[in-house]
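My notebook is open and the model is loaded. Here is what I looked up, entry by entry.

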Amino acid sequence: MSIQPLVLPSDDWSEWLSSHVLDGLRCAGEILERLKARGGGDSLGLLGLWNDADIALRGADAAAELFAVVHPDPEVRKLADDLRQRVAEARNDRDLDRGLYDILAASSTTGLDAAALRMREHVLRDFRRSGVDRDEATRARLREISERLVVLGQEFGRAIRDDVRAVRIPPEGLEGMPADFVAAHPPEADGSVTITTDYPDYLPFRTYARDASARRDLTAAFESRGWPTNDAVLHEMFTLREEKARLLGYDSWPDYDAAVKMIGSGSAIARFIEQIATAAESAARRDLETLLARRREDEPAATTIDRSEVGYYTELVRAEQYDVDAREVRRYFDFTRVRAGLLEVTGKLFGLEYRPVEVARWHDDVAVYDVYDADDHLGRIYLDLHPRDGKYKHAAQFELVGGITDRLLPEGVLVCNFSRGLMEHRDVVTLFHEFGHLLHHVLGGRHTWARFSGVATEWDFVEAPSQMLEEWAWDATILRTFARDENGTPIPTELVERMRAARGFGQGISLRTQVGYAAVSYLLHRDRPADHTAAVSSAIHRYGLIAPLPDTHFQASFGHLAGYSSAYYTYLWSLVIAKDLFSAFDTADLFDPAVAQRYRDTVLAPGGSRDAADLVTDFLGRPFTFDAIAAWLNRPVASIEA
């Protein structure tokens, strides 16, 4: 009998969501009580019960987390937030249950295979990281902290989602914008035009608008979302994380968080940030000098480039020096064609077929596909790719169902905020990136143990498969399969080659910008400064080289501070690995089935069943190195080490 996907409701979402989540929590609780009642015995049986409870708890959490940020009904979103708190309470009950821990810790390892042994080790490690082996008073305080951190994370994200700001400009302020953007922004009754901080407005406007004052106003609005509400939220969040880490015997939150990642420690994060900053220094300085020189053609007295200008002048340099006008490029990236092309490209690459299905979903924008390998039903994906009120504002993959061998099909949801018409090429790259997470979830979704299913590797590896898939959005042969203008003419190969050449300009400053964000993520947790805004401005200016605008508060809408905490460095660490992984592919034939299948089998399919470093070694035939990213930066990076 085939496994059936989860059936979503066609109406009464509140009833369905409550039942789904609460049934999952009740099921998990009953299974854990059975485990405690056994009190010992067959180790594999004990782990099996733990796994069954984990599956139920994970399913409840996934649904609550997803619909808290995507459902169009604010009442359903609020209900989902409330249910997430119930899930957090249940998870704390489990993770701080000394009786459960003692039973599993006393279980024998005899007869367990490698996967079961790894499962047992990870379960016991997770118990200890929750504080189950601490005294009763400490466990009680850790419970309070964990439950409060869930609420703070919800408040932080909600403040960002709900704070859509706007600037109003005269129609002439649209000078330089693409024709389709102008057509989509007609003057209102008072003659003004409204530009919002949502991505489909913000990103093109800061790239093309010639009105420097309007660009600056919109950038200032964008980089102050969530302020002042999130200032107090972040202070409390960082304080509680620090307290939790110290109660568990760590010197700082970054040390606690990094202990189960590839990088290993907070001090290693600091070293890595400095080393990557040094590696990108010369390229970033060259980029900055070029940008400033171009700005001086417009303003001879200019001495700096600010964050409202970097995108605009980067685009001008690429247009003037590389003959790449992004307004011309975007003509080839109609959203509908791009979405179809993404599925065609990844289907061909990994031997997959995406079959559209008409099923109940939470919004008409959502497209649903079942994923097959020949007749083998691998999973289901949901693509929710356009902005709307109350929806998550960034781009991410969310789990709906975690895959379990012979029991549950993996189901994942891609949540983005793209234009419904023409897309920027950078948005095409983002779509490929995020789809990489979705593929990882589905292709890594056949495991007995829920703990290892899907995107379950060390967290500082999870971006590597996604970053690597971006490369397919830069290949002329691949782009020409779906990138066509309104007349059906494929994007010229020569234009793609110019795009690739122009890609090199700005990569230094782009990398240093990411280093700046990594430093913000790390330093706010390590130092917990009284004035976040001053500390953020200093870190971004030092590491990113371009200071924030005055009176802006980037951290208040830096959503990764909730989910990634002190580990935004992950994007840079993963980039090192992604560049090395890509070196195994033949750039003359990115559809080579042998390499792609080996990558699917050795990197994606294992999920978290092995350490990420071992997965990479299996694929490359050697440990990963920094050679590929050094070549990308066009300079040696031999000094970089964890």
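**Second largest cavity.** I checked which element gives most to its lining, and helix 23 has the largest share, with 3 residues. Helices here are DSSP runs of H or I with at least four residues, strands are runs of E with at least two, and both are numbered from the N terminus. Helix 17 and helix 23 (570-582) are the elements that give two or more residues to it. By class I get 3 nonpolar, 1 polar and 4 charged. (Nonpolar is Ala, Val, Leu, Ile, Met, Phe, Trp, Tyr, Cys and Pro; charged is Asp, Glu, Lys and Arg; polar is the others, Gly among them.) The space in this cavity is about 30 Å³.

**Ground rules.** This is a predicted model, where local features need pLDDT of at least 70, side-chain atom pairs need 80 or more, and totals for chains, interfaces and linings use all residues. Residues are numbered from 1 along each chain as its sequence is written, and side-chain values use heavy atoms, with hydrogens and water left out.

A cavity is a set of points on a 1 Å grid over the protein atoms alone where a 1.4 Å probe fits but cannot get out, and lining residues have an atom within 4 Å of a point. Grid points are joined across faces, edges and corners, and the volume is the space filled by probe spheres set on them.

**Largest cavity.** I found 2 cavities of 30 Å³ or more. The largest has a volume of about 50 Å³. Its lining is Phe350, Gly436, Leu439, Pro465, Leu469, Tyr599 and Leu604, which divide into 6 nonpolar, 1 polar and no charged.

Most residues other than glycine have a negative phi, and most peptide bonds are trans. So I went looking for exceptions.

- The peptide bond from Trp227 to Pro228 is cis, with omega near 5°. Pro228 is in the loop between helix 9 (212-222) and helix 10 (229-247).
- Asp406 has a positive phi, near 65°, and is in the loop between strand 6 (396-401) and strand 7 (411-415).
- Leu545 has a positive phi too, near 75°, and is in the loop between helix 21 (532-544) and helix 22 (560-563).

Are these last two buried or exposed? Asp406 is exposed at 71% relative accessibility, while Leu545 is buried at 9%. (Buried is under 20% relative accessible area, exposed over 50%, partly exposed in between, with a 1.4 Å probe and protein chains only.)

How values were computed. 1 Å grid on protein atoms, 1.4 Å probe; cavity = no way out; pocket = protein on both sides within 12 Å on 5 of 7 lines; lining within 4 Å.
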